[in-house]
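Q: I'd like a slow, close look at one part of this molecule. Please take me through the inside of it and then show me what sits around that part.

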Amino acid sequence: MYVLYFFSAFALASGLLFLFLRIKRPQTIWLGGSFLSFLFNFGMIFVVIFVQQDIMIPLIIIAALFTIFIFTMPILTVGTFLTNGVKIIRNEGFKFSNLLTLIFGIGLLVYLFIWPSVVDITENNFLNTVYQFISFSVLYLSFILICYTLTNILNLIHFKNTKIDYFITLGAGLTGREVTPLLAGRIDKAIELQQKQKHGKIVFSGGQGEDEIIPEGEAMAQYALDKGVDPKIIIKETNSKNTFQNIQYSKHLIDSEWNAKIEPKIAIVTNYYHVLRGLMQAHSLGVDCIGYGSHSKFYFSLNAFLREFAAYLQMTYKVHASIIGFIGFVLFAAFLIIELNA
């Protein structure tokens, strides 16, 4: 009975934390972490009830599904990353930004299958310690990745229809004077949202890169005009160089024309894999907003999402490096103590 109370208490606590973060701080990855904790503890409540009531069929089904998941997930994950890694290189070209999926897949292949089958780590304490450290790092970063992914998904779900005053549409590169299909998807999404609510303006944000003929904001606005969008609802921001400046400079333009006493309702429009980092950047600027995502091809999105996650780790590297470094220190200190006492 106490076990049931334990999981019930944690389910309630994590559920309340999730609701609090959803309302007050949806940009933090602990939104996904609290949601994951709620699902786990809520599921464990049913497992405990089934055990206490001696209801075996659901437990057998759960155990079978869990076993299948444990054995097939590593293979499916490695296969998916390797396949998509080759596909993006074939379709998008061979450059470092397109190699993340393939590198990730190869890394998992080596860690999960090749190293354990080639090196007998049980015969070497040092290699055993190295593998333990790598295992912890993989598990920790996998947990952070799951939280990041869940948080991104949750920020794409909107339970109430908020009337948006400004849609900040983030730039994403040009081909000559034309927007790329990726960027066109973002613009189309912003136009769709604005036309659906029949209210608000669209800020097309993007400066001129070194290899671009015109600023992205100009090309984006022209694309919208060619689509029949009313020029009165278009605002062009043409000086930004990155996501942080996209939001910062767009907010300056919004503030310069907004004359109501209440703050305007703002939304960021970008690809769905980029929404969370955009919201994090907005939060760091004190800009309260929500996010909408446009779709792109899966093989491209998987690689792009890994880039986004890598960028997030770069933003927060001190926290994660400290945790991994501390565990590494403990493991290798234990190894040295054992070796000295051997």
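A: Let's start with the largest nonpolar core, which has 23 residues. A nonpolar core here is a set of buried Ala, Val, Leu, Ile, Met, Phe, Trp, Tyr and Cys residues joined through side-chain atoms within 4.5 Å. Buried means under 20% relative accessible area, exposed means over 50%, and partly exposed is in between (1.4 Å probe, protein chains only). This is a predicted model, where local features need pLDDT of at least 70, side-chain atom pairs count only at pLDDT 80 or more, and totals for chains, interfaces and linings use all residues. Residues are numbered from 1 along each chain as its sequence is written, and side-chain values use heavy atoms, with hydrogens and water left out.

Inside that core, the residues with the most contacts are F167, V179, I187, I202, F204, A224 and I234. Who supplies the core? Helix 6 (181-197), strand 4 (201-205), helix 7 (216-226) and strand 6 (266-271) each bring at least two residues. Helices (H or I, at least four residues) and strands (E, at least two) are DSSP runs, numbered from the N terminus. Helix 6 gives the largest share, with six residues.

Now zoom in on A224. Leaving out residues up to four places away in sequence, A224 touches I187, I191, F204, V229 and I234, where contact means heavy atoms within 4.5 Å. There's also a second, separate core of 20 residues, and I88, Y140, L276 and Y312 are among them.

Back to helix 7, whose buried residues are E216, G217, A219, M220, A221 and A224. For a sense of scale, E218 and L145 are 73 residues apart in sequence and 35 Å apart in space, C-alpha to C-alpha. Just after helix 7 comes G228, with a positive phi of about 90°.

K198 lies in the loop between helix 6 and strand 4, and K198 has a positive phi of about 55° although it is not a glycine. Is K198 buried or exposed? K198 counts as exposed because its relative accessibility is 72%.

What does the record say about this region? In an unreviewed entry, UniProt lists residues 165-294 as "domain: DUF218"; positions follow the numbering used here, feature names are shortened, and annotations may be inferred rather than shown by experiment. In the model, residues 165-294 are 41% helix and 23% strand, and the end C-alpha atoms lie 19 Å apart.

The unreviewed entry also marks "transmembrane region" at several stretches, including residues 130-154 and 319-338. Residues 130-154 are 100% helix and 0% strand, with end C-alpha atoms 36 Å apart. Residues 319-338 are likewise 100% helix and 0% strand, and their end C-alpha atoms are 29 Å apart.
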